[in-house]
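Here are some notes for a colleague who is coming to this structure for the first time. Please keep the sequence and the model open while reading the numbered points.

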Amino acid sequence: HPCVLAWAALDYGCNFSWLDVDPVARVSKTVCHSTARGVLACQLAFMIDAFLQVLSPILLVMTLSGVCLGIIWGALPGLSTTMAMGLLIGLSAGMPQDLAICFMLGVYTGSVFGGAISAVLINIPGTPDAVPTMIEGHQLAQRGEGGQALGMAIAASFVGGMIGIIV
């Protein structure tokens, strides 16, 4: 829990005041001393708090809905990830900022993978990123191994996404 880390961070000079407006939107404010250990402890506390906020049910639902729409959009031949982001951003206009960002991140990641579906199954890349997948994946689909090709595409998309998030 971030409060435990906050108490540890107080030893390094962080002054926290936690305002629990509601369980999803917890607002935290801090004033850190200029020592390197104090700043690092405060930043670590904020990173853990932000990570826990992203795991809230409403943000996960919005991300999942964005991924679903992104996969559908990316699977349509000729519609790129950029086009998905540009046209689906209208759905996020009335949302709070955190919900809109999670929704659009879901649209982006879903559409990047969605391009592999049409690339493997009908040899037309759904997005420009799926051209290499089309070259190898469609040959597997013609041999009756289309499920394996799609499985490899989603595994590669997941691993690449996680490496991109970490780096």
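1. This is a predicted model, and a reasonable place to begin is its largest nonpolar core, which is made up of 10 residues in all: Leu59, Met62, Trp73, Ala84, Leu88, Leu99, Cys102, Phe103, Met104 and Val107. Helix 3, helix 4 (81–88) and helix 5 each supply at least two residues of this core, and the largest share, 5 residues, comes from helix 5.

2. When its neighbours within four places in sequence are left aside, Val107 is in contact with Gly66, Val67, Gly70, Ala84, Met85 and Leu88.

3. The next feature to examine is the largest pocket, whose volume is about 960 Å³. It is lined by 25 residues, and those closest to its centre are Leu105, Thr109, Gly161, Met162 and Ile165. At least two lining residues are supplied by each of helix 2 (36–54), helix 3 (57–75), helix 5 (97–122) and helix 7 (146–166), with helix 7 giving the largest share, 10 residues. By class, the lining of this pocket divides into 17 nonpolar and 8 polar residues, with no charged ones.

4. The second largest pocket holds about 220 Å³ of space. Of the 14 residues that line the second largest pocket, Ala116, Thr133, Met152, Ala153 and Ala156 are the closest to its centre. Helix 5, helix 6 (131–142) and helix 7 are the elements that give two or more residues to this lining, and helix 7 gives the most, with 5 residues. The lining of the second largest pocket has 9 nonpolar, 3 polar and 2 charged residues, whereas the lining of the largest pocket has no charged residues.

5. How many salt bridges does a search of the whole structure find? The search finds 1 salt bridge, and it is formed by Arg143 with Glu145, whose closest N and O atoms are 3.5 Å apart. Arg143 has a relative accessible area of 61% and is therefore exposed, because a residue over 50% is placed in that class. Glu145, at 30% relative accessibility, counts as partly exposed, because this value lies between the 20% and 50% limits.

Definitions and conventions. Residues are numbered from 1 along each chain as its sequence is written. This is a predicted model: local features need pLDDT of at least 70, side-chain atom pairs count only at pLDDT 80 or more; totals for chains, interfaces and linings use all residues. Side-chain values use heavy atoms; hydrogens and water are left out. On a 1 Å grid over the protein atoms alone, a cavity is a set of points where a 1.4 Å probe fits but cannot get out, and a pocket is an open set with protein on both sides within 12 Å along at least five of seven lines; lining residues have an atom within 4 Å of a point. Grid points are joined across faces, edges and corners, and a volume is the space filled by probe spheres set on the points. Helices (H or I, at least four residues) and strands (E, at least two) are DSSP runs, numbered from the N terminus. Ala, Val, Leu, Ile, Met, Phe, Trp, Tyr, Cys and Pro count as nonpolar, Asp, Glu, Lys and Arg as charged, and the others, Gly among them, as polar. A nonpolar core is a set of buried Ala, Val, Leu, Ile, Met, Phe, Trp, Tyr and Cys residues joined through side-chain atoms within 4.5 Å. Buried means under 20% relative accessible area, exposed over 50%, partly exposed in between (1.4 Å probe, protein chains only). Contact means heavy atoms within 4.5 Å. A salt bridge is a side-chain nitrogen of Lys or Arg within 4 Å of a carboxyl oxygen of Asp or Glu.
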